[in-house]
Amino acid sequence: MGKPQKKRGLADKVRKTKTSNEIKNNPFEVKINRKKFDILGRKTKHDVGLPGVSRSKAIKKRQETLLKEYKQKSKSNKFVDRRFGEYDTKMAPEDKILKRFALERQRMQDKKNIYNLNEEEELTHFGQSLSEIEKLNDVVDSDSESEDKGLLSAEFTASHFGGGGGLLRKKNAEEEGDGDGKPRSRQELIEELIIKSKQEKHERQTQKEEARVLTEKLDQDWKSIQSLMARNAPKSVCRVEESKPKAEEYDIMVRELGFEMKAQPSEKMKTPEEVAREERDRLQKLEADRQRRMLGDMEEETSKKQSYLSADDLNDGFILDKEDRQMLSYQDGKWNIAEEDQNADDDDADDADAGDDDDDGGNNDGSNDGEDGDDDDQHGESGSEEEGSDAESGHSDLDSEDVVEDDDAEVLRKAESQAKPHCTLSKEERLAGQEEAKAELPYTFPAPESFSDLRSLLHGHSADKQCVILERIQKCNHPSLAAGNKLKLQKMFGFLLEYVGDLATRCPPELGTVNKLVPHLYGLCQLFPNAAYLAMQNVLSDSAHDMEEVVEVKGRAALPGLGMLIYLKIVALLFPTSDFRHPVTTPALVYISQLLTKCPITSLEEVTGGLILCCLTLEYVTLSQRFVPELVSYLLGILHLAVRDKGSLGYRVVPPFRLTGRHCDLLVTSDAAHAESWSRIPLPMSGAQSLKLKDDLERDHYKLSCLATCLDLVKRCSSLYKSLPSFTQIFWPIRILLSKHISLEGHSSVLQDLHREALEAVSESPERPSPLVFEKTKPIPLRLFTPKIVEVLDFGKKRGSSKQEREKEKLKHKYRKELKGALREIRKDTKFLAREKLTEIMTRDAERKRKVKELFGSLSTQEGEWKALKKKKRK
């Protein structure tokens with residue numbers, strides 16, 4: 001009865017274990033996630049297993065990575081045996097050796113025999129293949145060529161293949177011994193053999209050369225016999241004889257090539273620094289010459305070209321040693337033969353004059369005594385060679401636009417008359433030359449340090465001479481000549497700009513001089529653009545600041561003077577006006593727009609200034625086609641000044657103009673009869689500063705000129721803005737004013753044509769445009785009760801803050817989460833390492849205890865045996 005109960009207990013126990021395993025391995029609790037790639041350093045959740053298995057996986061992973069690093073941390077290197085089967089414990093040593101031998105033979109096998117079924121090993125003898133030796137491809141030296149190829153002499157065979165013993169055999173005393181019968185050594189025998197071989201080779205070469213000479217002689221004899229035997233020579237022989245040039249013809253061709261003209265290299269292009277240095281030196285030399293003439297030294301030693309004469313020279317003017325060969329030169333891609341011939345003829349004439357008389361060979365250096373700075377390079381006087389080269393290069397003080405004055409021409413004529421050979425100047429002529437030299441312009445000028453210095457340099461001179469002075473200042477103070485010249489010329493731009501404004505504000509203004517000084521401003525602006533735009537910005541900012549101060553105090557401001565208008569014109573000349581934004585032109589255009597809106601018109605001078613501003617505005621926007629509404633409004637206001645009846649108007653004017661007032665009839669003529677005698681003349685720029693009108697006739701004519709200019713501006717403005725979509729709306733008030741309120745009946749035909757053209761230019765649409773209204777917008781819908789959507793973030797609900805703060809909080813939350821995970825992993829790694837270290841220590845201690853126990857056991861055994869042996873001995 002007990003056994004069955006015991007069996008039932010075991011069965012129940014097995015049943016319980018099976019049930020627990022089935023429950024533990026429930027398939028519904030298995031977590032399976034697939035992953036495609038294993039990425040190093042990325043935490044994944046693609047684990048496969050039951051709940052709680054992740055811990056064992058983590059331990060296994062640490063054992064594969066962290067534990068291996070821990071065990072290998074104190075190792076510096078390791079040896080890996082990569083021989084086949086070295087770590088395979090299942091293979092026998094004999095199998096390993098056979099497999100290694102097979103792999104070695106396979107690696108040494110050539111690729112070309114990979115499909116060769118008849119595997120045969122190549123037999124060798126002392127490293128040479130026997131198959132190659134059997135071919136007998138021995139290369140025979142060319143020096144050892146002989147008629148009996150392949151045969152060796154008996155002595156050669158005996159000396160090399162016989163071991164040299166045959167040479168040591170004794171012979172008769174007449175053959176091998178010396179005169180005294182002594183035997184010869186091996187070295188002597190080898191030298192004798194070498195001498196014999198060389199002698200045989202020389203004999204063979206001699207025989208070969210004799211055979212070649214005899215063969216050539218035989219060929220020549222055969223050709224002579226063949227020509228006698230045959231009537232006509234072969235065509236091939238004739239062709240060869242005809243095509244073969246003769247030696248004399250070849251020599252003639254070589255000599256002709258030697259006499260041909262040779263090309264000469266063109267002059268080297270000079271750098272700007274070299275040109276500036278040469279120009280500075282030239283001006284200094286001319287200034288030294290002027291100073292010398294001011295002191296009364298009117299004569300110079302004539303420079304004469306040295307000519308070497310032989311003892312047999314009769315000095316009869318004939319030149320027999322002239323070189324007739326011409327030098328080849330190029331100009332603009334063509335041969336310059338005619339010019340070379342002309343230069344050669346001129347040189348011949350000069351040499352002939354030099355041969356007639358020694359004194360006649362000197363150059364006319366005295367012709368420079370009365371030379372003025374404005375035309376020192378334009379009249380081609382004969383001077384020193386350096387001055388002539390400068391004149392040919394074209395580096396003159398004045399351009400082609402400069403005009404030579406009458407007094408300078410007179411000075412040059414006097415200087416030419418004085419520079420005659422074999423003449424002595426009198427005291428009066430010497431004094432006259434000194435006065436003329438003092439009256440000339442200096443050739444060198446220092447750079448001005450202030451505006452007063454520049455004004456003192458230019459004061460009292462004509463416009464042309466002022467340009468010459470400025471040009472010489474730039475040449476003498478070029479930036480490449482000295483370190484501080486750049487700063488000096490930068491300052492000179494501001495001084496010259498101020499001087500231009502000073503000329504424009506004079507009474508009367510010197511606009512001609514300003515026109516000639518503008519190119520120098522442009523040149524300095526190209527050299528120093530930064531300094532130029534800073535100086536112009538300062539001028540514009542100062543003027544705009546002054547206008548704003550006046551407007552704040554009085555509520556209005558007057559138009560600027562002629563100097564500021566000149567500055568605005570210079571801005572358009574020096575700087576680009578087509579840029580979308582520019583540091584100079586953009587502020588200048590804004591300043592002009594402010595002037596057109598804040599400066600009322602109270603006189604004809606201001607009307608002239610306003611028209612000049614309108615012209616400048618068109619010049620500023622012609623390339624960019626930028627729309628300036630102030631320009632159209634200002635032109636409408638100018639035309640409004642010419643309307644007589646201002647009772648019923650179909651248009652409106654904007655400030656600074658008014659519909660009615662004291663200055664609203666500035667362009668209305670006092671007498672209609674004055675319009676018949678009017679003729680169109682351009683408005684002078686000086687009219688913006690002061691007008692001197694004698695009577696009403698001149699005043700009415702000036703008003704009509706202003707009206708004609710305004711009509712012309714309207715026509716140009718309409719052609720510029722014709723492509724705008726709102727062109728009709730913009731020019732509708734001007735169209736009404738021209739068609740209904742300005743009637744030019746009885747005026748000149750020129751003014752009537754201008755009126756008609758302007759009206760046609762602004763009359764594109766016959767219908768009146770609709771007024772400008774605001775665009776209709778979509779009505780605002782009623783507010784609906786929509787659910788409030790709250791963004792749910794990873795770390796909780798949305799906080800009441802901005803988007804940047806929410807992102808910041810989100811990043812902080814992720815950072816804390818990652819930090820906690822990193823700390824947790826570090827603690828686990830540390831715990832794992834501590835556990836492994838403890839296991840290692842316990843294993844080492846257990847091993848030590850085991851060994852100690854074994855030692856004690858062996859010692860106790862030995863002690864027992866020793867005691868038993870001792871006891872046995874006692875017995």
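Trainee: How many disulfides does the structure hold?
Mentor: The structure, which is a predicted model, holds zero disulfides.

Trainee: What about Cys614, where is the nearest cysteine sulfur?
Mentor: The nearest cysteine sulfur to Cys614 belongs to Cys615 and lies 7.0 Å away, and because a disulfide needs the two sulfur atoms within 2.5 Å, Cys614 is in no disulfide.

Trainee: And is Cys614 buried or exposed?
Mentor: Cys614 is buried, its relative accessible area being 0%. Cys476 counts as buried too, in its case at 15% relative accessibility, because the cut-off for that class is under 20%.

Trainee: Switching topic, where does Thr617 lie, and what does it touch?
Mentor: Thr617 lies in helix H22 and counts as buried, with a relative accessibility of 1%. Leaving aside residues up to four places away in sequence, Thr617 touches Leu589, Ile592, Leu596, Val628 and Leu631.

Trainee: OK, and how do H20 and H22 sit, roughly parallel or roughly antiparallel?
Mentor: The axes of H20, residues 562–574, and H22, residues 604–621, come within 10 Å and cross at roughly 10°, so the two helices are roughly parallel to each other.

Trainee: Which residues meet there?
Mentor: From H20 the residues are Leu565, Leu568, Lys569, Val571, Ala572 and Leu573, and they meet Gly609, Ile612, Leu613, Leu616, Glu619 and Tyr620 in H22.

Trainee: What does that contact have by class?
Mentor: The contact of H20 with H22 has nine nonpolar residues, one polar residue and two charged residues. Among the residues named, Lys569 is on the H20 side and Glu619 on the H22 side.

Conventions
Residues are numbered from 1 along each chain as its sequence is written. This is a predicted model: local features need pLDDT of at least 70, side-chain atom pairs count only at pLDDT 80 or more; totals for chains, interfaces and linings use all residues. Side-chain values use heavy atoms; hydrogens and water are left out. Axes are lines fitted to C-alpha atoms, for helices over the stretch in contact, and angles run from 0 to 180 degrees between N-to-C directions. Helices (H or I, at least four residues) and strands (E, at least two) are DSSP runs, numbered from the N terminus. Angles under 35 degrees count as roughly parallel, over 145 as roughly antiparallel, 65 to 115 as roughly perpendicular and the rest as oblique. Contact means heavy atoms within 4.5 Å. Ala, Val, Leu, Ile, Met, Phe, Trp, Tyr, Cys and Pro count as nonpolar, Asp, Glu, Lys and Arg as charged, and the others, Gly among them, as polar. Buried means under 20% relative accessible area, exposed over 50%, partly exposed in between (1.4 Å probe, protein chains only).
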